[in-house]
Structure formats: C-alpha cells, structure tokens
Amino acid sequence: MTAADETTRRPGVRVGSASEFSLFFRVIPGHAEEIRAALTALQRTPGYRPGDYEMAIASIHEARFVLFDDDTRLLFATSFDGSWDAYMEDFAAGPLQLFDAIFQHTDGYAGLPDVSAVKDFILGAQVTAAAYARNYPGTVKELRRANRLREAFDTVLDDPRAEEALGHPALKPLLDEAADA
Amino acid sequence: MTIQQQRALELGDIQSGALRERPAPYVGRYLLLRLGDAEQGRELVRRLHALLVEQDRHGPSDPQAWLTVAFTHAGLAALGVPQSSLDSFPAEFREGMAARAEQLGDVGPSSPEHWEPPLGSDAVHVAVSVLAPDAPSLEAVAERARTRYADLPSVEVVWRQDCYQLSTGRTSFGFKDGIGNPDVEGSGLPLRNRSERPIKTGEFILGYPDETGSVAPMPTPEVLGRNGTFLVFRKLRTDVAAYRRYLRDRARDRDEERLLGAKMVGRWPSGAPLVLAPDTEDRDLGADPSRNNSFGYRDDLRGFKCPAGAHARRANPRDALEDENSVNVRLHRMIRRGTSYGTALPDGVLEDDGQDRGIVFVFAGAHLDRQFEFVKTQWINDGVFIGVPGESDPLVSGAQAPTDFTIPHVPIRRRLRDLPPLVVTRGGEYCFAPGLRALAWLSGLETPQEEP
Ligand code: HEM
C-alpha cells in the first residue's frame, strides 16, 4: 500500500485505516525555553512516558513533537485511525485542549474558544505529506487485540502440554505458527 | 461565535416535525413540489405558512395531523432567495445529497442514476410531509394543503410517497423503530434516557448553543436561519426476503434466528434493548417508553450482550467510546422521524414478491456533515471506529460487497460471513425546514429585507 492509491482530496493522506497528520507551527519569539519545558512536561505525563503505550487519545498510533530551526519552529506529526476531516470537531472539542500548554507558545494561537477557531488554527498549520506509507495494516484496536492474543498464545506454548493440546486438527493453523512464535 | 447568554427556545417558531414525537400509530404522506415561477412559489409559501400558524395554535398534544415544510437549495433559489444568502448555507446542503453519493456509499444500485426520478435532480424544490394518527385526519390536512396550491398552475407535484405503520407496529424487517432518539434540552418532551444528559438544543435547531459551546453555522440573514433545522430524507428499500433467507441458512433453529436478528439490530423486535434483555425478548420492556431507551453500554464494552457492530450501537454508541477520547458521541446525534412504506412481507415467506417496501428515513439536525454524514460514513459504512475496518453495518450499510458480522460470545465468538446487501437507496434530498418567521420572510422576498 502506498500513499498514492488513497484519496488526497482532503489534507492528510490516508493509508488503510490510518491518516497521517502533520502540523507546522512557528514558536513565538522568546518562547523557546517555555515551549521546550512544556514538551518535557508532556513527556512526563501518563501515556507519554516512554514505555507507557496508553495515550489519552486511543485512536492515535504514535505522535511526536519536534522543535527545529533553533527552536523557532515546531512540528507535530502523528497518525491516527479515521479521517481527520470527519473527526476535526471531536478533536477540537476535547483532545486538542490537552496540548494547550504547548500551543500557547505558537503563533496564531488564541486559546481554542470554539470550533471555528480550532479549525482555523489547525488548518493553517497543516501540511499534507508528499509521501506516506505504513509497515503494518490495521487499527490501534486490532493491534492491541493482536498483542493480547500473542501473549495468550505464548502462555499456552510455555505449558508443557502445549504440543499435545495443539495436536488437534482444528488447531493446525496455530501449531504451524508455534515453531517460531 | 460564542453565545454569551442562553436564549430561551422559541418552540412556537420551530416547525413541529423536529421536536415533536410522531403519533403512533401513524399514517404519513411525503410530497415533493417543483416551483415553476418564483411569485407563485412565494404565494404557496405564504399559504403554507398560514396553515402552519393555524396548526401551531392547536398545541403539541392535539392529535390532529401535522405538516412540515422544507426546501432544497434549488428550491430556495427558485423562490428568489438572494445569492449571498444561498451561498451562506453549508457546502453539503448547497451540493445536495446526490452530489455526495460516492462519499455516502450510495453507489452501484444505490447510485443517483438509479434513483426514482426526480429525486436528486434540480426539479425537487419543496418537500411537504404530513403525519397523522389515522387516514381521515391525514386526508383532511393533505386536502387543506392541496387547496393551497391547486390554483397555482406553476406548482407541480413531482413525487409522492405514502407511508403507514404496518399492522404489526414494526418496520419491514420486523423490528420496532423510532425508539432511540436523543433527549433535547428545552424541548419539553419527557426524558427517556436517564443515563445521559439531554443534548443541547443547538445540535438540532439553528440559533442556539450546541455541544461545542458555539452556534452552528447559520445561513444569512439571521431571520432565515434562526429556528430552522436541516432535514434529510432517504427512501430506503429493504430486501426482507434476503434477510430472512440469510438467517434461515445460518441459524440452527427459529430461536437462534430471532437471536441473530436481534444481535444485528441491537434490540429485539419489540424494541427491548439487548443490554437490558440479553437472552430473550421482553415485550413489556420494549413497549415501555420510560425504560426502553434508558441504557448505556458501559457494562458491555466487549459486546457480549449487544455486539459493537449492531446497527443501533453503531448509529449511537452512547457511552461505549467514552474512554477513548477520540470521539465525542454527543456531536453525532440525530433526531429520526422515519416511517415505513409498502406492505409487510407475510410471515414465513422467504422469496421476494417483487413489492417495494422499506422506510423513508428522516433525519433532523443542525449539522448535515457532522451528524448525518458522519454517522453514515464513519459508523455505519465503516468499522474502523470499533477496530474492525472490514465490517460495515449488518443491516443497513447498503455496501455493495457482502460484509461479515462479529457476535462476541463466551466461550467463542460467532462470526457471520458474507451478509448480503439488504438495503438499496432509492433516492433522497437534503432539505432545510425554516422556522415560521423565516417562512414569512421567504414569502415576502420581492422586497428583500437584508439584515444590517
Ligand atoms: C432501511 C434502513 C434502516 C432500518 C430498517 C433501520 C432500523 C432501525 C431500527 C430497528 C432501530 C432500533 C430501534 C430504535 O432505536 O429506534 C434503529 C435505530 C437507529 N438507527 Fe436505523 N435503520 C435504518 C437506517 C438508518 C440509517 C441510514 C441511519 C443513519 C444514518 C440510522 C440511524 C439510526 C439511529 C441513530 C438509531 C438509534 C440508535 C440509538 O439511539 O440507540 N438508521 N434503526
């Protein structure tokens, strides 16, 4: 799957279930230190601590904030399940507020008083990827389910009776995976 | 626009179709009119306005029939609404339903080229619906409305659909419909769902604060937009025989047939919700309006009672997605006023009899895009939001390809494979139902009163 086979009519390229989403902001002159501090603080919140894997917004695959050009600019890049266009107002009404402490150090941010302010702020910063690809299909939900399954399967394989149990013909597909699971 | 103070809901100015419960039983008629001449069109609006004012005097509890009048974008243009005002409507309304077909999943047999003429064409200007408790009162109101345009030669009836509740009280697939509607702040109707706060008026009626704290985009001038609501109507043909054959094939016995059907809908035929009655039908619950919509999915997040993919749970996941922070369900609600058309396929018949039967789906809300279009595209046609991108609504998606449907069950989930498409879109329109003052304004357009 490549970016090219998906519609690019709306900002954000979609591959399978996920859309990429990249926002470029300008840091208000003199606010470099504050915005770095705000990002460090974000990194310490539950979900953003390395190894947490429980971000507040459940449909997000991953997200990064990058300060660049001597901390004069900020990139926010993420990918999430669904179409940005459909979910814009949902994000505006809730989750984006989580980033208020960061966005307040960027140009053009006047709080997020209402949906049209959010739309203007976000759409003004969004740049559609020129190329985007994913290395696995599926939604965050499916991947979490797949991980649960793998853990369960591992537990089964650790049981000394696993080989005998997986000998049943109905379990052949599982046995085929068992050799190097 | 942020609203500083809460405005009292002007119930008297809002057309009754939106905030009033439909009579049960009911009969209904939908008429589409084409306006050949702006002056006669405005005369029609003047007379319909007088009828609506009269109807309003009877008050909401009066069991007489009621009329709702709405316009397509082409209809507003045909009345001579100024261009600046026409341009001030949201894009999806300006484009109309047919132009959005691909996005909405109206493709293949559901695509506009197969719609009943003149649905989806410029010839549809005015939509008039009449709902009544019985045929005589319907005829009385319809006749009063008819006399309002009979002497206006350029006003032409271009489409008509009669609707009535089947004798079973159910829609064609055999399920009671019209239960799940939001409680609306200020509507004065009894609250039906104790597990959720009423939804803000502005989600359904223009000019009031909505769930985001803003006021939905309103057309200008203000007099035109205030107290209006957008209506969607869609004639949806149902293939009841295919539905029955599918269940007959997959179920071990009749009881399981009923259970699988209920799992697809999220309710039993009586309307009893699966989360409150997981194992068997409960007619008393289905019939009790104080209980049959008072529930959430918090205790059933994994869907053992009601599958996440069931039609009603997709169309309104209630509190099921609360922990996910990606969606605010309150932004995607709708008032539904659908009615059945066609005769029932007799019990036990598994072969199609060639008769056209289904529902005229009617939506009322302030946002065509984030309410109707969102629900249809993100929740009904697609399964990404429940982590099953390959599955669409088992009953109503209208998808061309067969879909799977997963029924969580201990110890082993059941997956129904290859459900055939069961619903075909026969056509539809996006309409705007103005408030009564707005209708008066529309009828007086020869002297456009632009707001300052
Ligand atoms: C032929 C097509 C359809 C049929 C036969 C049908 C039937 C039903 C039935 C039996 C229910 C459960 C009873 C109730 O809660 O009122 C229901 C609920 C609902 N349907 Fe449909 N429906 C159809 C199309 C649609 C479409 C196209 C949409 C939206 C775009 C939709 C939105 C809803 C909503 C919002 C609910 C209420 C969910 C709740 O609040 O719990 N339906 N429908």
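Which are the buried residues of α14(B)? The legends below start with them.

**Before you look.** This is a predicted model, in which local features need pLDDT of at least 70, side-chain atom pairs count only at pLDDT 80 or more, and totals for chains, interfaces and linings use all residues. Residues are numbered from 1 along each chain as its sequence is written, chains are lettered from A and ligands numbered from 1 in the order in which they are written, and side-chain values use heavy atoms, with hydrogens and water left out.

**View 1. Helix α14 of chain B is mostly covered.** Six of the eight residues in this helix (436-443) are buried: Leu436(B), Ala438(B), Leu439(B), Trp441(B), Leu442(B) and Ser443(B). Buried means under 20% relative accessible area, exposed over 50% and partly exposed in between, with a 1.4 Å probe and protein chains only. Helices (H or I, at least four residues) and strands (E, at least two) are DSSP runs, numbered from the N terminus. The buried residues of α14(B) pack against α2 (38-57), β2 (66-71), α3 (73-78) and α8 (222-225) of chain B.

**View 2. Phe65(A) and Phe99(A) form an edge-to-face aromatic pair.** Their centres are 5.3 Å apart, with 75° between the planes. Rings of Phe, Tyr and Trp (its six-membered ring) pair if their centres lie within 6.5 Å; planes under 30 degrees apart count as stacked, over 60 as edge-to-face and the rest as tilted. Phe65(A) lies in strand β3 (residues 60-68) of chain A and Phe99(A) in the loop between α2 (84-93) and α3 (100-103) of chain A, so the pair ties together parts 34 residues apart in sequence. Phe65(A) and Phe99(A) are both buried.

**View 3. Phe80(A) and Phe91(A) make another edge-to-face pair.** Here the centres are 5.3 Å apart and the planes stand at 85°. Phe80(A) belongs to strand β4 (residues 73-81) of chain A and Phe91(A) to helix α2 of chain A, eleven residues apart.

**View 4. Two charged side chains of chain B sit over rings.** Look for Lys235(B) over the face of Tyr341(B), 4.7 Å from the ring centre. The charged end of Arg318(B) is placed over the ring of Phe295(B), 3.8 Å from its centre. A charge sits over a ring if NZ of Lys or CZ of Arg is within 6 Å of the ring centre and within 35 degrees of the ring normal.

Technical notes:
Contact means heavy atoms within 4.5 Å.
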